[in-house]
Amino acid sequence: MTISMAMWTPTQPLINISSSGPKINVTTLPRQKEKVVLVLGATGTGKTRLSIDLATLFPAEIINSDKIQVYEGLDIVTNKITKEEQRTVPHHLLGTQNPNSEFSAANFCDKASLAIETITSRGKLPIIVGGSNSYVEALIDDDDYKFRSRYDLCCLWVDVSMPVLRSYVAERVDQMLEKGMVEELRPFFNPNGDYSRGIRKAIGVPEFDKYFRSEGLADEETRERLLEEAVREMKENTWKLAGKQLGKIQRLRNVKRWKTQRVDATPVFRKRGELQEANEAWRKAVAEPSVMIVAQFLHNLKTSNDISNLSLASTLQNAIASSPPLQSMDWGHIPALYDRICADALPSLK
């Protein structure tokens, strides 16, 4: 069994090995490719939640690959993860770019590549997450094969039944409205603004153009109608975006032959409104399978018949089963699980 050296060079060791126990001379292990995890999925499927679950369990940092969330501003409209939800996990390329500038796929590749190198140099796992599949495709399938020659990739696809997802994304727009979306959008309105550049490309900005233009000119009834139209158009365009994203993921799988591990989050969304039931569904349908996939990826476990794999699976399942029910964005109560995973894998390295 081999492991990536990047996972074993932190400032502080991930596990403690007794001085009386067997020694592992890591300097003699063959150099392996660094590991990178990618989380794909249409808008609203739970990519962000899964990335935090993984990053609070494994020693990781997150790289945002959403082409709109990369800009500063419009946190409600773009559905950016809050500082509280980040749970101290370092994030890269999230709200860092000038909202009036244009951040291209080439720009993303340059900055994401630098972030990956920085993260792996610290012995951490880069987790790339976002809905802009054109960005990640440009990064991973670059013309000179630089990415794939340096990194092993584990690709997780969080999927949700489209009829179920459509209902949810509509509800999410209503929630944005309640959180103050209109007031957040108002400073970004410009009668001469270019909706094809920068953050003004975000769904929500062009849809509210007529509404803001009517301020001071239209009566209350007209403005109410324009508001309803803007919200309805925003819901429809969000749904269309989800469909396009799903189509691109299918193309990456079926045409470009990307090896993706699909996890079905549909049961979670069917339980929305029932917090405890939804969290339990998330744990069983999404979190546990994803943790198993990433753990096996990090330790190069190839088949379910591998003795180490069976032992690792048992350790993971027992540790997760003995933990309290997981809450949204909260795996903090099992911080030692990764140590237990590593300890379980060590015997096969002797």
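**Close-up views of a predicted model**

**View 1. Strand β2 and its side chains.** In β2, A60, I62 and N64 point one way, while E61 and I63 point the other way, and all are buried. This is a predicted model. In a regular strand, side chains alternate between the two faces of the sheet. Strand β2 covers residues 60-64. Five of its five residues are buried, so β2 is largely enclosed by the rest of the structure.

**View 2. The strand partners of β2.** Two strands pair with β2. One is β4, residues 125-129. β2 and β4 run in the parallel sense, over five bridges. Look for A60 here: its bridge partner in β4 is L125. The other is β3, residues 91-92. β2 and β3 also pair in the parallel sense, over two bridges. On this side, I63 stands opposite H92 in β3.

**View 3. Helix α3 against helix α4.** Helix α3 spans residues 105-121, and helix α4 spans residues 133-140. Their axes come within 9 Å. The axes cross at roughly 65 degrees. The crossing of α3 past α4 is right-handed. From α3, the contact uses A105, F108, C109, A112, S113 and I116. From α4, Y135, V136, A138 and L139 meet them. By type, the residues of this contact are nine nonpolar, one polar and no charged. C109, one of the α3 residues in the contact, has 14% relative accessibility. C109 counts as buried because that value is under the 20% cut-off.

**View 4. Cysteines without a disulfide.** How many disulfides does a search of the whole structure find? The search finds zero. C154 shows the spacing around one cysteine. The closest cysteine sulfur to that of C154 belongs to C155. The two sulfurs are 7.6 Å apart, too far for a bond.

**View 5. A170 in helix α6.** A170 is found in α6, the helix of residues 162-178. Is A170 buried or partly exposed? A170 counts as partly exposed, at 22% relative accessibility. E236 is 66 residues from A170 in sequence. In space, the two are 8.1 Å apart, C-alpha to C-alpha.

Notes:
Residues are numbered from 1 along each chain as its sequence is written. This is a predicted model: local features need pLDDT of at least 70, side-chain atom pairs count only at pLDDT 80 or more; totals for chains, interfaces and linings use all residues. Side-chain values use heavy atoms; hydrogens and water are left out. A disulfide is a pair of cysteine sulfur atoms within 2.5 Å. Buried means under 20% relative accessible area, exposed over 50%, partly exposed in between (1.4 Å probe, protein chains only). Helices (H or I, at least four residues) and strands (E, at least two) are DSSP runs, numbered from the N terminus. Two strands pair if DSSP finds at least two bridges between them. Axes are lines fitted to C-alpha atoms, for helices over the stretch in contact, and angles run from 0 to 180 degrees between N-to-C directions. A crossing is left-handed if the near helix is turned anticlockwise from the far one by less than a right angle, and right-handed if clockwise. Contact means heavy atoms within 4.5 Å. Ala, Val, Leu, Ile, Met, Phe, Trp, Tyr, Cys and Pro count as nonpolar, Asp, Glu, Lys and Arg as charged, and the others, Gly among them, as polar.
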